[in-house]
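I wrote down each thing as I looked it up, with the cut-offs beside it.

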Amino acid sequence: MKITVLSRSASISSTRRIVDAGRARGHRVRVLNPLRVQMHLDGGSRATLLYDRKKLTPTDVVIPRIALSISTYGLAVVNQFGLARVPLVNHAQAIAQSRNKMRALQLLSAHGIDIPATVMARDAAHLKEMVGLVGGVPVLVKLLQGQEKHGVMVCESLQSLEAALEAVLGLGHNLVMQEYVRSTGQDVRVLVVGGEAIAAVLRKPRPGRLSHTLNRGARLEALALSPSHRATAEKVARLVGLEVAAVDLLDVQGQPKVFEVNSSPALLEMEAATGMDLATPIILRAEALVSGAAPVWSAALETPQALLPPPAARKGVAKVGVPRS
């Protein structure tokens, strides 16, 4: 089987793990930088994909690892492969949906997934006034389209919140404000591949750090998947339509609250913590898609209205809203 990995560099640790796992399974694996892919579109003929201005040879499946910094162009490349009916291990629309944090939370909340209290507004004064809706300070502030390793801050006081809001919004960035991941809960990441939760880790911040994100040097510990973690993470991946997803949730007394979904999760850290090979399941899913397995994205397309619970059952809907007039 011929596998194409879309990634800025073959030396990136997660990309390298996927390449090694694919070759270990006897496949031919190539890494293409999405920015070096050109697309020729012609309404009267089939579109052409080129790499450094040379026509690309066919591939059996594409595994996207698109960095947020090249998201617009990179996802156009992923989409073009999809239009050519090449199986995708993460569809362009699903990746885009996961990266817009508020839209992803809106989707999950509308389908009964419990989420931390969340607000979004364009004006810094309005967000400051709404801080009580997310439980007061400290609060988690995120860029609306930030990536896993950037764009997250914790504000411990109203003064620091106001300064952060004015600075971020002044630069033209949209953001969301969320209930802070408090010490009473556990910060959990669940890796889902092909609709199945395969591994989980507990993330513990370094002493003196409030942020629990991986880029802050959090310590990862293997965690046994509970039935609730498994069911929630698998449902979230299906709703967003991701073949490969890291579902980040806060476990509060056994009840998971989902606060983020990532489409290109780092593998090496989780592998080190769990002692598991997490790259090979991605290759196995690619094999299944080539063999005709139904993609997760096709199920997500059927979800929006038909599977919505009745209004009274949508526990998370009230948590994303605006103040009453």
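**Salt bridges**

I began with the charged pairs and found twelve salt bridges in the structure; the term means a side-chain nitrogen of Lys or Arg within 4 Å of a carboxyl oxygen of Asp or Glu. This is a predicted model, where local features need pLDDT of at least 70, side-chain atom pairs count only at pLDDT 80 or more, and totals for chains, interfaces and linings use all residues. Residues are numbered from 1 along each chain as its sequence is written, and side-chain values use heavy atoms, with hydrogens and water left out.

I looked up Asp-277 and found it bridged to Arg-17, with 3.0 Å between the closest N and O atoms. This pair links distant parts of the chain, 260 residues apart: Asp-277 sits in the loop between α8 (268–274) and α9 (280–290), and Arg-17 in helix α1 (residues 13–24). I take helices (H or I, at least four residues) and strands (E, at least two) as DSSP runs, numbered from the N terminus.

Glu-260 counts as buried at 11% relative accessibility, and Lys-101 is buried with a relative accessible area of 7%.

Third, I noted Glu-243 and Arg-285, with a closest N and O distance of 2.7 Å. Glu-243 lies in the loop between α7 (227–240) and β14 (244–252), while Arg-285 is in helix α9, 42 residues apart. Glu-243 is buried at a relative accessible area of 2%, and Arg-285 counts as buried at 13%.

I also jotted down a network of salt bridges that links Asp-187, Arg-189, Arg-203 and Asp-248.

**Nonpolar cores**

Which residues have the most contacts inside the largest nonpolar core? They are Leu-6, Phe-81, Leu-108, Val-190 and Val-236, in a core of 42 residues. Such a core is a set of buried Ala, Val, Leu, Ile, Met, Phe, Trp, Tyr and Cys residues joined through side-chain atoms within 4.5 Å. Helix α7 gives the most to this core, with five residues. Domain 1 (2–97) and domain 3 (186–291) each supply at least three residues; the bounds come from an automatic or database domain assignment.

I then checked Leu-6, leaving aside neighbours within four places in sequence: its contacts (heavy atoms within 4.5 Å) include Leu-32, Val-62, Ile-66 and Phe-81.

**The open sheet**

Last, I followed an open sheet of three strands in the order β2-β1-β6, with parallel pairing; strands pair if DSSP finds at least two bridges between them. β2 (28–32) and β6 (61–64) stand at the edges with a single partner strand each, so one side of each has no neighbour in the sheet. β1 (residues 2–6) pairs with β6 over four parallel bridges, and Ile-3 stands opposite Val-61 in β6.

How values were computed: Buried means under 20% relative accessible area, exposed over 50%, partly exposed in between (1.4 Å probe, protein chains only).
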